Amino acid sequence: MSTATTAPSAPEQNAARAAHGPVRTFFERNDQLGVGVALIALIALMAIIAPYFWTVQNLVEVARQVSAIAILAAGGTFVILTAGIDLSVGSALGVAAMVAIVASDQSLPAVASILLALAAGALIGAINGVFVARFALPAFIVTLAALTYLRGVVYVGTGGTTLIPAQVEYSWIGQAGVLGIPYAVIIMAIVYLAGWFLLNRTVFGRQLYAIGGNAEAARLSGIPVRRVIMATYVISGLCAGIAGLIVASRLESAVPDLGSGYELNAIAAIVLGGTSLMGGRGSLIGTLIGALFIAVLSNGMTLMNVQSFYQQIIMGVVILAAVLIDRLRRRGRTS
């Protein structure tokens, strides 16, 4: 015998919100608005404390620096929406950047270097996707292992030293721009527009949200769950390849620990932007706002001469706060 369920009435919803308290209700109802308000407040605070922050030159630099993290986070959003996670994006970025630099060192054409870097990222994502979707291994374990062995690949590829080719023909990607807008920012905008279209205007996007909400129900509805999940890891890997290319073109070199720590900033940006670690809820707009929050915070601390190890402590607290906020949202929706 089935039991009918009815939606709570408006007075019941208001009573529940009152019981949760205004702060908790605010986070429950405003996935992106909360971090958006926090971003505006942070920008205002930095403009007061560090006057150089509010200069065109610094703002352009912040935009240039946020591009790699934001692109990584865009790819990671696809994975997390299916209730998965990709911890390997930082190492994948390092591999893609190393491939691009090694290609330049071998005097390959710029187009070949770019395509090889993108292919390296997509291949890494495909390998992760096979283990997660086909062999049903936990995404956390698969991508944690990838984080480790890919870091070794970068050390092997660079010989443990900084690799500097004589010429990097695609350096304009990370260093130049048009009408004062860095090409890296333009690439980031293209990635987000394409991602938004995929999530909001295609069957693939609807399938992805359905899998994140309930994978078993999605499978019974005829959605090719394995194929969709694998595609999200390929997208994440491809985004890591794009980000790696931007970093390689900006630095014109590859160091053994390239990309280290990027994965944590990317995940923090995703969760800060309102995407649930349990899947099924989130948006790329929120992820972009989360990435901007982290970039502004990092830039502000640098301008205030905060030492790097204190910056790491603060970033860790921000990540912890993001996870706590995500938990508050989910508890509020299920209570």
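I found α5 mostly covered, with 14 of its 17 residues buried (under 20% relative accessible area with a 1.4 Å probe, protein chains only; exposed is over 50%, partly exposed in between). Helices here are DSSP runs of H or I with at least four residues, numbered from the N terminus.

I noted that this is a predicted model, in which local features need pLDDT of at least 70, side-chain atom pairs count only at pLDDT 80 or more, and totals for chains, interfaces and linings use all residues. Residues are numbered from 1 along each chain as its sequence is written, and side-chain values use heavy atoms, with hydrogens and water left out.

I checked the span of α5: 24 Å from first C-alpha to last, close to the 24 Å expected at 1.5 Å a residue (1.5 Å times one less than the number of residues). S107, with a positive phi near 60°, follows α5.

I then looked up D86, in the loop between α4 (56-81) and α5 (89-105). D86 is buried yet has no salt bridge (a side-chain nitrogen of Lys or Arg within 4 Å of a carboxyl oxygen of Asp or Glu). The nearest side chain of opposite charge, R151, is 11 Å away; Lys and Arg count as positive, Asp and Glu as negative, and His and the chain ends are not counted.

I recorded side-chain polar contacts (pairs of N or O atoms within 3.5 Å, one able to donate a hydrogen and the other to accept it; residues adjacent in sequence count only if both atoms are side-chain atoms) from D86 to S88 at 2.7 Å and to S236 at 2.8 Å.

Definitions and conventions
Helix = DSSP H or I, 4+ residues; strand = E, 2+ residues; numbered from the N terminus.
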